[in-house]
Amino acid sequence: MNFKIDFIYKVIHEKPISVPIHTHGCYELVYYATGKGTVKYKEELLNYSAGDIIIVDPLTLHDEINFLNSVNTVIGFYVDKNKTNVPTGKFSADNTIKNLIENMLTEMVEQKSGFEDIIDKQFELLFLYLNRPLKEVTNKSFDKIFSNLDNYIEENLSSPITLESLAKTYNYSASHFRHIFTKHLKLSPKQFIIQKRMNKAQTLLEKTQKSITEIALECGFYDTAQFSKLFKKRFNVSPSEYKKTYKA
């Protein structure tokens with residue numbers, strides 16, 4: 001069995017509530033039956049509403065703000081990472097997934113013979129349904145789906161490019177887009193964009209007489225110090241030193 005449930009319980013908030021930054025030793029899945037709010041997770045602010053699910057990695061800092069009174073189901077679980085890839089972030093629960101969660105809660109409350117094994121099996125089935133949209137996307141040709149990705153990023157390097165804007169361009173949720181992108185390119189969208197910006201900066205330093213500030217702005221950096229820091233980290237030399245060396 002790939003999944004093992006650590007805990008499962010229902011939480012009812014009768015008023016707005018803020019949960020401070022914390023971590024868990026296991027994965028955490030929260031199903032929001034009602035309510036609306038945000039979860040800050042991996043430098044991303046996830047907005048949730050009724051019917052959404054958020055899954056968080058073990059030992060990963062996150063918080064939670066409920067704007068409305070809400071009913072949530074919280075599930076902590078462990079997984080055999082050698083056998084199962086656990087997607088994290090925000091997902092939508094269809095009726096099948098909602099029913100599985102309700103059945104799991106009922107089993108936990110009634111605790112009839114074999115309830116723990118039944119809960120584990122139902123949770124494994126829940127993940128099969130949850131992963132289905134991801135598999136349908138990732139089985140398609142990545143090159144075909146993202147055929148104009150390079151052009152889009154190149155054309156917008158001087159502007160802010162967020163995970164959300166990229167995901168919206170390709171009609172995916174931010175979590176699904178990040179998962180698919182990282183799976184195929186072995187880089188996160190943020191890492192890929194920085195790589196593109198650094199490559200463009202290198203070309204501009206070599207082939208133009210533009211100042212460091214002008215190049216930073218053209219590559220989407222509004223803080224010259226941050227640009228210099230990232231450039232030196234990638235090329236082991238500052239932009240000004242690189243420019244002097246190349247021109248010499």
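This is a predicted model: local features need pLDDT of at least 70, side-chain atom pairs count only at pLDDT 80 or more; totals for chains, interfaces and linings use all residues.
How does E110 count at 44% relative accessibility: buried, partly exposed or exposed? E110 comes out as partly exposed. In short, the structure holds five salt bridges, its largest pocket has a volume of about 940 Å³, and a search of the whole structure turns up one cavity of 30 Å³ or more.

**Salt bridge E110–K112**

- E110 and K112 pair through their side chains in a salt bridge, at 3.6 Å from N to O.
- The two partners fall into separate accessibility classes: E110 is partly exposed at 44%, while K112 is exposed with a relative accessible area of 54%.
- K112 gets the exposed label because its value of 54% is over the 50% cut-off.

**Salt bridge E154–K196**

- Here the side chains of E154 and K196 meet, with an N to O distance of 3.5 Å.
- This pair links distant parts of the chain, 42 residues apart: E154 sits in helix α4 (residues 149–155) and K196 in helix α7 (residues 189–207).
- E154 has a relative accessible area of 36%, so it is partly exposed.
- K196 counts as buried, because its 15% relative accessibility is under the 20% cut-off.

- Since E218 belongs to helix α8 (residues 212–218) and K200 to helix α7, the pair ties together parts that are 18 residues apart in sequence.
- Both ends are partly exposed: E218 has a relative accessible area of 25%, and K200 is at 23%.
- As a general point, side chains of opposite charge can pair when their charged atoms come close.

**Helix α9**

- Helix α9 covers residues 224–235, which makes 12 residues.
- From first C-alpha to last, α9 reaches 16 Å, close to the 16 Å expected at 1.5 Å a residue.
- At the start of α9, D223 points a side-chain oxygen to within 2.9 Å of the backbone nitrogen of A225.
- At the other end, α9 is followed by N236, which has a positive phi near 60 degrees.

**The largest pocket**

- The largest pocket has a volume of about 940 Å³.
- Its lining takes in 30 residues, and the closest to the pocket centre are E43, R178, S188, P189 and K190.
- The elements that give two or more residues to this lining are β5 (44–49), α5 (163–169), α6 (174–185), α7 and α9.

**The largest cavity**

- The whole-structure search finds one cavity of 30 Å³ or more, and the largest cavity has a volume of about 40 Å³.
- Which elements give two or more residues to the lining of the largest cavity? They are the strands β3 (27–32), β6 (52–56) and β7 (62–66).
- The cavity is lined by E28, V30, Y32, V39, I54, V56, H62, D63 and E64.
- By class, that lining has five nonpolar, one polar and three charged residues.

- E28, one of the residues lining the largest cavity, lies in strand β3.
- At 8% relative accessibility, E28 counts as buried, because that is under the 20% cut-off.
- The side chain of E28 makes a polar contact of 3.1 Å with the side chain of H24.
- E28 also has a side-chain polar contact with H62, at 3.3 Å, and H62 is itself among the residues that line the cavity.

**I65, in strand β7**

- I65 is found in strand β7, one of the elements that contribute to the cavity lining.
- With a relative accessible area of 31%, I65 is partly exposed.
- I65 and D80 are 15 residues apart along the chain, and 30 Å separates their C-alpha atoms.

How values were computed: Residues are numbered from 1 along each chain as its sequence is written. Side-chain values use heavy atoms; hydrogens and water are left out. A salt bridge is a side-chain nitrogen of Lys or Arg within 4 Å of a carboxyl oxygen of Asp or Glu. Buried means under 20% relative accessible area, exposed over 50%, partly exposed in between (1.4 Å probe, protein chains only). Helices (H or I, at least four residues) and strands (E, at least two) are DSSP runs, numbered from the N terminus. The expected span of a helix is 1.5 Å times one less than its number of residues. A polar contact is a pair of N or O atoms within 3.5 Å; within protein, one must be able to donate a hydrogen and the other to accept it, and residues adjacent in sequence count only if both atoms are side-chain atoms. On a 1 Å grid over the protein atoms alone, a cavity is a set of points where a 1.4 Å probe fits but cannot get out, and a pocket is an open set with protein on both sides within 12 Å along at least five of seven lines; lining residues have an atom within 4 Å of a point. Grid points are joined across faces, edges and corners, and a volume is the space filled by probe spheres set on the points. Ala, Val, Leu, Ile, Met, Phe, Trp, Tyr, Cys and Pro count as nonpolar, Asp, Glu, Lys and Arg as charged, and the others, Gly among them, as polar.
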